[in-house]
Amino acid sequence: MRRSEERGQFALEGSDLGVWDWNLLTNDVYFSPRWLEMLGYGPGELRERFSEWYDRVHPEDREHAVKETQRHIRGETPFYEARHRLRCKDGSYKWILSRGKVMSRNAEGKPLRIVGTHRDITEQVQVEESLRHAGTHDPLTGLPNRTLFNDHLLLAMAQARRNKTVVAVIFLDLDDFKEINDALGHDVGDLLLKAVSKRLKKEVREVDTVARMGGDEFTLILPGLHDRKDAEQVAERIREAVARPYSLGDRVLEVSASLGVSLYPLDGRDVRTLMKRADMAMYRAKNDGRNLWRFWEENTETSPE
């Protein structure tokens with residue numbers, strides 16, 4: 001039996017898996033050399049105690065990892081599995097896929113021992129996160145795209161219903177951007193869009209959302225407002241910020257923006273209506289002379305020609 005266990009451990013170590021063996025009666029845990037190495041430790045640097053694992057699980061992941069362990073111990077799952085982060089010796093974290101199974105029980109069926117493995121899945125998680133980010137963010141500016149913007153707006157509206165607050169939706173379009181793009185080229189136009197996006201983010205709170213819809217159109221979500229006056233102050237601040245000159249390499253460019261504002265729940269109770277009415281208000285600002293902001297007003301059906 002000992003030789004069989006040694007062969008099994010050798011196979012696991014050779015596959016780059018760390019092995020752990022948890023005695024449920026004493027809370028002693030055996031950590032294999034590969035398990036320790038994965039976190040930057042050498043043999044004997046950690047005590048063989050359950051707390052050595054528990055204390056290293058990222059606080060945001062600990063509850064889930066422990067819950068899945070307990071579910072398996074109670075017999076609710078055929079095996080234990082959880083993805084969580086573990087703190088390394090240098091203070092950094094690695095993503096780990098941990099799997100295990102109860103290997104022995106007493107005469108009453110009480111679990112005595114769980115044996116499992118750890119696999120470093122940090123690179124896999126980073127790839128997954130990169131793909132998720134690409135699907136929800138604008139590749140040029142790094143801002144949320146339309147999909148993520150809609151999700152954030154739905155969440156903001158739900159919070160506003162609970163808290164009896166107001167959400168402002170701002171639709172922003174740069175004035176005469178096409179002329180700048182045509183005259184100076186797309187590379188300069190892209191630099192200008194990046195500069196505008198940074199300036200917009202700087203002018204809002206962390207709870208606010210700045211997104212790029214495409215082209216030179218940006219949208220903003222301002223949750224937790226009290227009334228129309230709060231939205232007026234932000235809209236004016238954004239208008240002024242966008243209109244300040246931009247230093248792009250050896251060029252200094254100026255561009256202004258027209259902004260349209262709609263308010264939840266006053267001007268609409270769904271994403272489509274709020275966006276449409278903010279868009280209408282923006283075109284009213286365009287028609288009124290540009291470099292302006294306007295609220296949506298009932299019976300105003302201003303739209304692009």
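Which strands and which helix each supply at least two residues of the lining of the largest cavity? They are strand E1 (18-23), strand E2 (29-31), helix H3 (50-54) and strand E5 (111-120). Helices (H or I, at least four residues) and strands (E, at least two) are DSSP runs, numbered from the N terminus.

A word on the model comes next. It is predicted, so local features need pLDDT of at least 70 and side-chain atom pairs count only at pLDDT 80 or more, while totals for chains, interfaces and linings use all residues. Residues are numbered from 1 along each chain as its sequence is written, and side-chain values use heavy atoms, with hydrogens and water left out.

Back to the cavity. A cavity is a set of points, on a 1 Å grid over the protein atoms alone, where a 1.4 Å probe fits but cannot get out; lining residues have an atom within 4 Å of a point. The structure holds 1 cavity of 30 Å³ or more. The largest cavity has a volume of about 140 Å³. That volume is the space filled by probe spheres set on the grid points, which are joined across faces, edges and corners. Among its lining residues are Trp20, Trp22, Phe31, Phe50, Trp53 and His118. The lining divides into 8 nonpolar residues, 3 polar and no charged. Here Ala, Val, Leu, Ile, Met, Phe, Trp, Tyr, Cys and Pro count as nonpolar, Asp, Glu, Lys and Arg as charged, and the others, Gly among them, as polar.

Now turn to helix H10, residues 271-287. H10 has 17 residues and reaches 25 Å from its first C-alpha to its last. That is close to the 24 Å expected at 1.5 Å a residue, where the expected span is 1.5 Å times one less than the number of residues. At the start of H10, a side-chain oxygen of Asp270 comes to within 3.2 Å of the backbone nitrogen of Arg272. The buried residues of H10 include Leu274, Ala278, Met282 and Arg284. Buried means under 20% relative accessible area, exposed over 50%, and partly exposed in between (1.4 Å probe, protein chains only). What covers these buried residues includes helix H6 (146-163), strand E6 (166-174) and strand E11 (257-264).

What follows H10? Gly289 does, and its phi is positive, near 130°. Arg290, in the loop between H10 and E12, also has a positive phi, about 70°, although it is not a glycine. Arg290 is partly exposed, at 35% relative accessibility.

The loop between E11 and H10 holds Pro265. A cis peptide bond joins Tyr264 and Pro265, with omega about 5°. Leu266 lies in the loop between E11 and H10 and is exposed, at 61% relative accessibility. Leu266 and Ala168 are 98 residues apart in sequence, yet 9.8 Å apart in space, C-alpha to C-alpha.

Is Ser256 buried or exposed? Ser256 is buried, with a relative accessible area of 17%. It sits in the loop between strand E10 (251-253) and E11. Leaving aside neighbours within four places in sequence, Ser256 is in contact (heavy atoms within 4.5 Å) with residues including Asp173, Val242 and Asn291. The side chains of Ser256 and Asp175 make a polar contact at 2.7 Å. A polar contact is a pair of N or O atoms within 3.5 Å; within protein, one must be able to donate a hydrogen and the other to accept it, and residues adjacent in sequence count only if both atoms are side-chain atoms.

Asp176 lies in the loop between E6 and helix H7 (177-184). Its phi is positive, near 60°. Asp176 is partly exposed, with a relative accessible area of 40%.

Note on methods
1 Å grid on protein atoms, 1.4 Å probe; cavity = no way out; pocket = protein on both sides within 12 Å on 5 of 7 lines; lining within 4 Å.
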